[in-house]
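User: I would like to go through the assignments in this model and see what each one rests on. Please set each value against its criterion.

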Amino acid sequence: MKPKRIEQILSRYGYCTRRETRAWRRQGRLSLRDGSPIKNVSQKVSPQDLLIDEQPIEHLEGMFLILHKPLGYVCSHTAPVGENIYELLPELWMLRNPHPTTVGRLDKETSGLILVTDIGGIVHRWTSPRHRKPKVYEVTVDAPLRKNLIKRFAKGDILMEGEEKPCLPAELEFVEENKAILTIYEGRYHQVRRMFKHFNYEVVALHRSRIGDFELGDLQPGEFTALPLELADIAIEA
Ligand code: URA
């Protein structure tokens with residue numbers, strides 16, 4: 001990565017303000033991998049060479065995470081403590097500038113896979129309708145599913161209430177009388193609940209199990225794992 005001023009690096013990665021950086025240097029908390037001395041906090045160094053309390057900086061080129069969103073959590077930076085998915089991440093990460101944000105959102109009462117990143121290009125790539133990433137949902141509804149729904153979802157003519165354009169064709173697969181797997185290729189507001197509402201069903205449980213090639217695997221609710229940036233499908237600038 002290109003050399004940057006030490007004070008700038010610490011502020012970008014959420015460690016401390018530019019003003020505090022001077023105190024951190026005096027306290028000996030900052031060092032360089034090769035042992036050379038730090039003359040002042042305006043000195044330019046490569047971020048990968050800087051150690052803080054002898055530890056390298058994590059996710060230097062940005063983070064790309066899979067998070068298993070638990071039920072009852074909200075994907076909002078302003079949601080209160082106790083229901084804000086960002087409190088599931090290390091506090092230091094949330095002080096980064098730019099800070100991590102979700103790629104799209106899941107409702108409070110939806111669980112499952114959500115991507116989190118601090119790289120703007122990823123959000124665009126993974127939410128843009130042009131890129132059409134499949135999103136797979138496990139849906140439970142309040143009444144037995146009617147057979148003709150499979151064809152209706154596949155047709156691509158469901159016009160949800162308040163929308164001008166119909167939904168793209170979607171794949172519906174029945175699992176049980178009231179349960180199905182739905183794959184959609186866009187991400188409109190409350191889309192799954194509204195698509196079923198169109199046919200007078202109430203969604204009583206909703207879980208996202210996959211986006212593109214990403215799955216939750218063994219991740220438990222509230223857990224997250226970092227993905228290699230190469231999988232983000234965008235050009236990463238160092
Ligand atoms: N569709 C919904 O209705 N809710 C979600 O959280 C995601 C998709």
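Analyst: A salt bridge here is a side-chain nitrogen of Lys or Arg within 4 Å of a carboxyl oxygen of Asp or Glu. The model is a predicted one, in which local features need pLDDT of at least 70 and side-chain atom pairs count only at pLDDT 80 or more, while totals for chains, interfaces and linings use all residues. Residues are numbered from 1 along each chain as its sequence is written, and side-chain values use heavy atoms, with hydrogens and water left out.

User: What makes Arg-5 and Glu-7 a salt bridge?

Analyst: Their side chains meet with N and O 3.1 Å apart. The limit is 4 Å, so the pair qualifies. A search of the whole structure gives twelve salt bridges.

User: Is Arg-5 buried, exposed or partly exposed, and which of these is Glu-7?

Analyst: Buried means under 20% relative accessible area, exposed over 50%, and partly exposed in between (1.4 Å probe, protein chains only). Arg-5 has 28% and therefore counts as partly exposed. Glu-7 has 10%, so Glu-7 is buried.

User: What makes Arg-188 part of a network?

Analyst: Arg-188 forms a salt bridge with Glu-186, with the closest N and O atoms at 3.2 Å. Both Arg-188 and Glu-186 are buried. Salt bridges that share partners join Glu-163, Glu-186, Arg-188 and Arg-194 into one network.

User: How do you know that β12 pairs with β8, and in which sense do they run?

Analyst: Two strands pair if DSSP finds at least two bridges between them. Three bridges join β8 to β12 (residues 203-211), so the two strands count as paired. They run parallel. Gly-112 stands opposite Arg-208 in β12.

User: Which strand pairs with β12 over seven bridges, and which over two?

Analyst: Strand β9 (residues 135-141) pairs with β12 over seven bridges, in the antiparallel sense. Val-141 stands opposite Val-203 in β12. Strand β13 (residues 214-215) is also antiparallel to β12, with two bridges. The criterion is at least two, so the pairing of β12 and β13 still counts. Arg-210 has Glu-215 in β13 as its bridge partner. β12 and β13 form a hairpin with two residues between them, and Gly-212 in the turn has a positive phi of about 55°.

User: What makes β2 and β5 edge strands?

Analyst: The open sheet has three strands in the order β2-β4-β5, with antiparallel pairing. β2 (30-32) and β5 (55-56) each pair on one side only. β2 is joined to β4 (residues 50-52) by three bridges, and Ser-31 stands opposite Leu-51 in β4.

User: Why is Thr-110 called buried, and what is Thr-110 in contact with?

Analyst: Thr-110, in strand β8, has a relative accessible area of 2%, so Thr-110 is buried. Contact means heavy atoms within 4.5 Å. Leaving aside neighbours within four places in sequence, Thr-110 contacts Lys-69, Pro-70, Leu-71, Arg-193, Leu-206 and His-207.

User: Which polar atoms lie 2.8 Å, 3.1 Å and 3.4 Å from the ligand?

Analyst: A polar contact is a pair of N or O atoms within 3.5 Å; within protein, one must be able to donate a hydrogen and the other to accept it, and residues adjacent in sequence count only if both atoms are side-chain atoms. A polar backbone atom of Asp-107 is 2.8 Å from a ligand oxygen. A polar side-chain atom of Thr-110 is 3.1 Å from a ligand oxygen, and a polar backbone atom of Gln-191 is 3.4 Å from a ligand nitrogen. The protein covers 96% of the 240 Å² of accessible area that the ligand has on its own (Shrake-Rupley method, 1.4 Å probe; for residues, only the protein chains shown count as cover).

User: Why does Ser-46 count as buried?

Analyst: Ser-46 has 17% relative accessibility, so Ser-46 counts as buried. Ser-46 is in the loop between β3 (44-45) and β4.

Terms used
Helices (H or I, at least four residues) and strands (E, at least two) are DSSP runs, numbered from the N terminus.
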